[in-house]
Amino acid sequence: MDLGASENDSIVTEFVLLGLTEAPALQPILFIIFLLAYVATVGGNVSILAAILAEPKLHTPMYFFLGNLSLLDVGSISVTVPAMLRHLMSNNKSISYSACLSQLFCFHLLAGADCFLLTAMAYDRYLAICQPLTYSTRMSWGIQQALVGMSCVFSFTNALTQTVALSTLKFCGPHVINHFYCDLPQLFQVSCSSTQLNELLLFIAAAFMGVAPLVLITVSYAHVAAAVLRIRSAEGRKKAFSTCGSHLTVVGIFYGTGVFSYMRLGSVEASEKDKGIGILNTVISPMLNPLIYSLRNPDVQGALRRVFTGRRPSE
C-alpha cells in the first residue's frame, strides 16, 4: 500500500512556472515590454525573409542560410514568449506536463538547428573568401539544401533524445520551477530521480552540437582572417570583414548565452541570473539578429525599402 502511494506521488500532471517576477505591480509592465519585443522580433525576421524572397540580388547561399535563421528566430521566441505573456496576465502560472515537454522539445530542436546553421554560414564565408574559384560548385543549391536538412535531422534527433530521457524521470514535488519556460537544468533541479544519465546525454550533446560547431566556426574564420589580411586594398579588406562581422556578432551572442545557461548544471539552487540569460537567449538574440544583419548591409536595406514601398527590384 505504501508502495502504491509512493508511485502515485511520483506522477506529475503539471508544473508551476514562477516566471520573471511575483510582484503584481511589475507584471503589466513586463507584459507590455515583452509583447513589444515579440512583435518587433517576428516583424523584423519576417521582413528579412520577405526581402530575401523579393530581391533577386539576395538569392545567394549566404542569404538562403540567413532566411532559414530568421525562421528559426521566429520559432525560438514563439516557443517561450507567448506562454510567458499568458502567465504574466493570469493568476494561473501552471503548465501541463505534456506542454512542458513539448516546449522543451521545440526549444532544443530550434536551438540545435541554430548551432548547425551558424556553422554552415561560417563554411559559406570560408568558401566565398578563401576558395572563390570553386565556390559555385562547392556551395551549389543541392549542397545548401543538404546542409539545412542535416541541421534539422541532427537537431531533431538530439531534441527527441533529451525529451524522452527526461520523461523517464520522476517528479515527487514540489513541482515549482523558478523560471519562465521549461528547460533541462531547471527540470533536473525539481526531479527526485538521479539525473546522472540525463546530464551525461546533455554533455555529449553539448560536445557534438555546441563545441564541435564552435571549433569549425573558429577554424573557418581563422582562414578567412588570414585571407583577408592578404588583400592589399584597404577597401577590399573592409568589405570582406563587413560580410563576416555580422555573423561573428550573432555567433558570440548565441554561444555566450548558451554556455552560461548550461554550465551551472551542478548548482542546487536556481539563480535569478538564469532568467536574465534566458531572456538574452530566447528574446534579445532573436530580436537583435535582423538589426545586426541589416544595419551595415546596403543590399538588405535596399531590399527592405522596396518591400515596404512596394517597388519592384528593377525600378
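Modeller: Contact here means heavy atoms within 4.5 Å. This is a predicted model in which local features need pLDDT of at least 70, side-chain atom pairs count only at pLDDT 80 or more, and totals for chains, interfaces and linings use all residues. Residues are numbered from 1 along each chain as its sequence is written, and side-chain values use heavy atoms, with hydrogens and water left out.

Colleague: Which residues does M139 touch, not counting residues up to four places away in sequence?

Modeller: M139 lies in the loop between α5 (135-138) and α6, helices being DSSP runs of H or I with at least four residues, numbered from the N terminus. M139 is buried, at a relative accessible area of 3%, where buried means under 20% with a 1.4 Å probe and protein chains only. Leaving aside residues up to four places away in sequence, the residues that M139 touches are P61, F65, Y123, D124, L127, Q144 and L147.

Colleague: Which helix has the lowest mean pLDDT among the elements of the protein?

Modeller: The predictor's confidence in each residue, pLDDT, runs from 0 to 100, and its mean over the protein is 86. Helix α6 (residues 141-167) has the highest mean among the elements, 96. The lowest mean, 42, belongs to helix α1 (residues 2-9).

Note on methods. Helix = DSSP H or I, 4+ residues; strand = E, 2+ residues; numbered from the N terminus. Buried < 20%, exposed > 50% of the residue type's maximum accessible area, 1.4 Å probe, protein only.
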